[in-house]
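My notes follow in the order I looked things up.

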Amino acid sequence: MSEMSAMNRKIIQNLAETFSRQIKHFNRTEMECLIRLFNGLLGDQSDRRAANGLDRGKFRNILHKTFGMTDDMIMDRVFHAFDKDNDGYVSVKEWTEGLSVFLRGTLDEKIRYCFDVYDLNGDGHISREEMFHMLKNSLIRQPTEEDPDEGIKDLVEIALKKMDHDHDGRLSYTDFEKAVREEDLLLEAFGTCLPDAKSILAFEQQAFQDPLEN
């Protein structure tokens, strides 16, 4: 092992040790693997952008190719949920923090994550308009439908009837949380923003290899 690679390995180990104390759901070895994966992904970007972290395009590519996501609006919102400081890049800490919920989050963590994804303008509510845009984006239109928007408006009203507990015509976090706890299928009511079990297993098997094997 060269002096430089030994130094890099030490840096990654120290970072993993720090993150594993601050971030739930991953042990130190898993954290080290995620940091190595992050560094490998950065290698595909230019030096200038790589210094900041994963850009939107690279991150969306991971969501599409690794986790099978196809909805552009939802992928952008997932990127935003990971990019906590809103600088347009996912840093190594944001990467590990985001994946802890994305892959292994508790129900509480996933409720908060999904709500943040669906709250398109970040005002603390999911409005009728936001529901309409997300459902319109995610549903496959039938060419025989004369006015597909009417069907989507009906779905919005059904969602509100089921989830809007305070009857103010929009969903607060409290509304959303209560609805999901009553019926967990509503967690991803407005679009798929979490990976399925098969995708999680495949990602973890690939990511959590022994670092010495890579």
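**Ground rules.** For exposure I call a residue buried under 20% relative accessible area, exposed over 50%, and partly exposed in between, using a 1.4 Å probe and protein chains only. This is a predicted model, so I kept in mind that local features need pLDDT of at least 70 and side-chain atom pairs count only at pLDDT 80 or more, while totals for chains, interfaces and linings use all residues. Residues are numbered from 1 along each chain as its sequence is written, and side-chain values use heavy atoms, with hydrogens and water left out.

**Overall.** I counted eleven helices and four strands in the protein chain; these are DSSP runs numbered from the N terminus, helices being H or I of at least four residues and strands E of at least two. Of the 214 residues, 42% are buried. I then checked contacts, meaning heavy atoms within 4.5 Å. Among those with a separation of 6 or more, 60% join residues 24 or more positions apart.

**EF-hand records.** UniProt, in an unreviewed entry, puts "domain: EF-hand" at residues 70-105, 106-141 and 151-186. Those positions are in the numbering used here, feature names are shortened, and annotations may be inferred rather than shown by experiment. I looked at two of the spans. Residues 70-105 are 67% helix and 6% strand, with end C-alpha atoms 22 Å apart. For residues 151-186 I got 64% helix, 6% strand and 19 Å between the end C-alpha atoms.

**Core.** A nonpolar core here is a set of buried Ala, Val, Leu, Ile, Met, Phe, Trp, Tyr and Cys residues joined through side-chain atoms within 4.5 Å. The largest one has 57 residues, and Val 78, Trp 95, Phe 102, Tyr 113, Tyr 118 and Phe 190 touch the most other members. It takes at least three residues from each of domain 1 (2-104 + 196-213) and domain 2 (107-188), bounds that come from an automatic or database domain assignment.

**Salt bridges.** I required a side-chain nitrogen of Lys or Arg within 4 Å of a carboxyl oxygen of Asp or Glu. The whole structure has 19 of them.

- Glu 157 pairs with Arg 128 at 2.9 Å, N to O. Glu 157 is in helix 9 (residues 148-163) and Arg 128 in helix 8 (residues 128-138), so the pair ties together parts 29 residues apart in sequence. Glu 157 is partly exposed at 38%, and Arg 128 is partly exposed at 35%.
- Asp 116 and Arg 112 have their closest N and O atoms 3.4 Å apart. They sit four residues apart in helix 7, about one helical turn.
- Arg 9, Glu 17, Arg 21, Arg 28, Glu 32 and Arg 36 form a linked network.

Where is Asp 119 placed? I found Asp 119 in the loop between helix 7 (107-118) and strand 3 (125-126). Asp 119 is buried yet has no salt bridge, and Arg 77, the nearest side chain of opposite charge, is 6.0 Å away. For charges I took Lys and Arg as positive and Asp and Glu as negative, leaving out His and the chain ends. Not counting residues up to four places away in sequence, Asp 119 touches Arg 77, Gly 124, His 125, Ile 126 and Glu 130.
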